[in-house]
Amino acid sequence: MRAARLIKMVLLLQARPSMTGPELAQELEVSERTVARDVLSLSEAGVPVYADRGRSGGYRLIGGYRTRLTGLGRSEAEALFLSGVPSALREMGLADAASAARLKVSAALLPELRDAATGAAQRFHLDAPAWYQEPRTPALLPAVAGAVWDDRRITARYLRKDTEVERELEPYGLVLKAGVWYLAARAQGDFRVYRVDRFTAVDVPDGREDGGEDGAEGPTGGGGRFIRDEAFDLPAFWAERAAQFARSLLREEVVVRLSAHGVRRLPHVTERAAAEEAIDAARSGDGPDAQGQLTVRLAVESAEVAYAQLLGLGPEGEVLHPPALRERFAAAARRTAALYA
């Protein structure tokens with residue numbers, strides 16, 4: 001374990017100009033004291049690690065040092081081949097590039113590891129589309145993907161409800177969610193999400209527009225290119241927007257009294273985040289009653305959706321409000337009781 005950690009530390013320092021003790025500790029999942037001891041061990045072993053003192057200090061390699069400890073083990077090689085999503089790469093028009101990269105990596109592996117690609121592919125497969133959906137690749141996806149990889153602005157026309165609008169976008173990243181492609185892009189200074197299958201036209205500059213001679217790029221991003229905001233984090237941005245979208249659908253509220261089993265079941269039959277939030281709020285408020293039942297105020301999309309979802313609780317949940325929904329459950333209970341009489 002320690003040897004692997006020392007190798008990882010050298011590779012991290014090789015890849016970056018400098019890293020602070022806290023940064024290395026976070027990457028290596030150890031304490032800063034352990035980082036200091038490991039740096040001392042590397043120095044004693046002849047690896048030229050230099051420590052800069054002061055508030056802006058850190059660790060760095062000196063003298064252009066490059067390690068040759070870059071060989072892959074079997075588990076690392078298999079994980080590398082597993083990291084690609086063939087269908088997604090094919091839809092973005094990157095299948096040939098990915099195939100060439102895999103061939104180059106395979107050729108560089110030790111002979112006993114060259115079956116890693118086959119081993120990983122035969123053990124794991126990602127089927128992104130949801131059930132009962134016919135996956136359709138947006139015709140303009142390769143053009144959008146090319147602009148994303150090249151940090152190139154696009155002029156896109158897309159359908160918004162029943163109208164078609166045109167926007168200049170800075171495409172930052174693509175997300176494949178349940179078989180649907182989404183583009184995270186900056187428009188008019190704000191980051192937004194667009195469904196790629198709603199694009200009707202995409203114009204990508206050819207590389208000479210806005211640039212100098214032969215499309216040379218200036219400091220503000222010539223040739224139709226834009227300067228990426230280095231602080232933008234695609235996974236974090238998507239997680240935040242997905243949570244906002246799920247929350248925006250929950251426009252109504254119902255009050256439900258739950259048994260102990262109903263409390264455990266609620267996150268499995270309704271929107272999980274809303275259920276957990278409602279349960280936490282109820283527990284920190286009045287808490288369970290004398291019978292051990294917990295009354296929660298649950299955000300739902302609509303009374304109709306709540307009816308379909310909360311039926312899954314059976315007798316473990318009692319709807320108290322709104323009255324119309326409560327009566328609907330009472331009528332359903334009477335019909336169910338008559339069936340089993």
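Mentor: Rings of Phe, Tyr and Trp (its six-membered ring) form a pair if their centres lie within 6.5 Å; planes under 30 degrees apart are stacked, planes over 60 are edge-to-face, and the rest are tilted. The model is predicted, so local features need pLDDT of at least 70 and side-chain atom pairs pLDDT 80 or more, while totals for chains, interfaces and linings use all residues. Residues are numbered from 1 along each chain as its sequence is written, and side-chain values use heavy atoms, with hydrogens and water left out.

Trainee: How many aromatic pairs does the structure hold?

Mentor: The structure holds 11 aromatic pairs. Ring pairs link Tyr172, Phe191, Phe226, Phe232 and Phe237 into a cluster.

Trainee: What makes the pair of tyrosine 172 and phenylalanine 191 edge-to-face?

Mentor: The planes stand at 90°, which is over 60, and the centres are 4.9 Å apart, within 6.5 Å; therefore the rings of tyrosine 172 and phenylalanine 191 form an edge-to-face pair. Tyrosine 172 is in strand β4 and phenylalanine 191 in strand β6, 19 residues apart, and the pair links these distant parts of the chain. Helices (H or I, at least four residues) and strands (E, at least two) are DSSP runs, numbered from the N terminus.

Trainee: Why does phenylalanine 191 count as buried?

Mentor: Buried means under 20% relative accessible area, exposed over 50%, and partly exposed in between (1.4 Å probe, protein chains only). Phenylalanine 191 has 18%, so this residue counts as buried. Tyrosine 172, with 3%, is buried too.

Trainee: Why is the pair of tyrosine 182 and tryptophan 238 called tilted?

Mentor: The angle between the planes is 45° and the centres are 5.2 Å apart. Tyrosine 182 lies in strand β5 and tryptophan 238 in helix α9, so the pair ties together parts 56 residues apart in sequence. Tyrosine 182 is buried, with a relative accessible area of 18%.

Trainee: What stands opposite tyrosine 182?

Mentor: Valine 175 stands opposite tyrosine 182, which is in β5. Strand β4 (residues 163-177) and strand β5 (residues 180-187) run antiparallel and are joined by 7 bridges. Two strands pair if DSSP finds at least two bridges between them, so 7 bridges qualify.

Trainee: What makes β6 and β7 edge strands?

Mentor: The open sheet is formed by 5 strands in the order β6-β5-β4-β3-β7, with antiparallel pairing. β6 (190-195) and β7 (199-203) each pair on one side only. From one strand to the next, the twist averages 45°.

Trainee: Which helices lie across these strands?

Mentor: Helix α8 (residues 141-150) lies across β3 (154-160), β4, β5 and β7, at about 70° to β4. Helix α9 (residues 234-248) lies across β4, β5 and β6, at about 75° to β6. Contact means heavy atoms within 4.5 Å. Axes are lines fitted to C-alpha atoms, for helices over the stretch in contact, and angles run from 0 to 180 degrees between N-to-C directions.

Trainee: How do you know that the buried residues of α8 line one face of the helix?

Mentor: In α8, Leu141, Val144, Ala145, Ala147 and Val148 are buried. Seen down the axis, the buried residues of α8 fall within an arc of 160°, so they line one face. The arc is that of the directions from the helix axis to the C-beta atoms.

Trainee: Which residues of α2 are buried?

Mentor: Gly21, Leu24, Ala25 and Leu28 are the buried residues of α2. Their arc around the axis is only 100°, which puts them on the same side of α2. What covers them includes α1 (2-15), α3 and β2 (58-61).

Trainee: Is glutamate 29 buried or exposed?

Mentor: Glutamate 29 has 74% relative accessibility, so this residue counts as exposed. Glutamate 29 is in the loop between α2 (21-28) and α3 (32-44). Its phi is positive, about 60°, although glutamate 29 is not a glycine. Most residues other than glycine have a negative phi, and most peptide bonds are trans.

Trainee: Where is the cis peptide bond?

Mentor: The cis peptide bond joins histidine 321 and proline 322, with omega about 5°. Proline 322 lies in the loop between β10 (317-321) and α13 (323-339).
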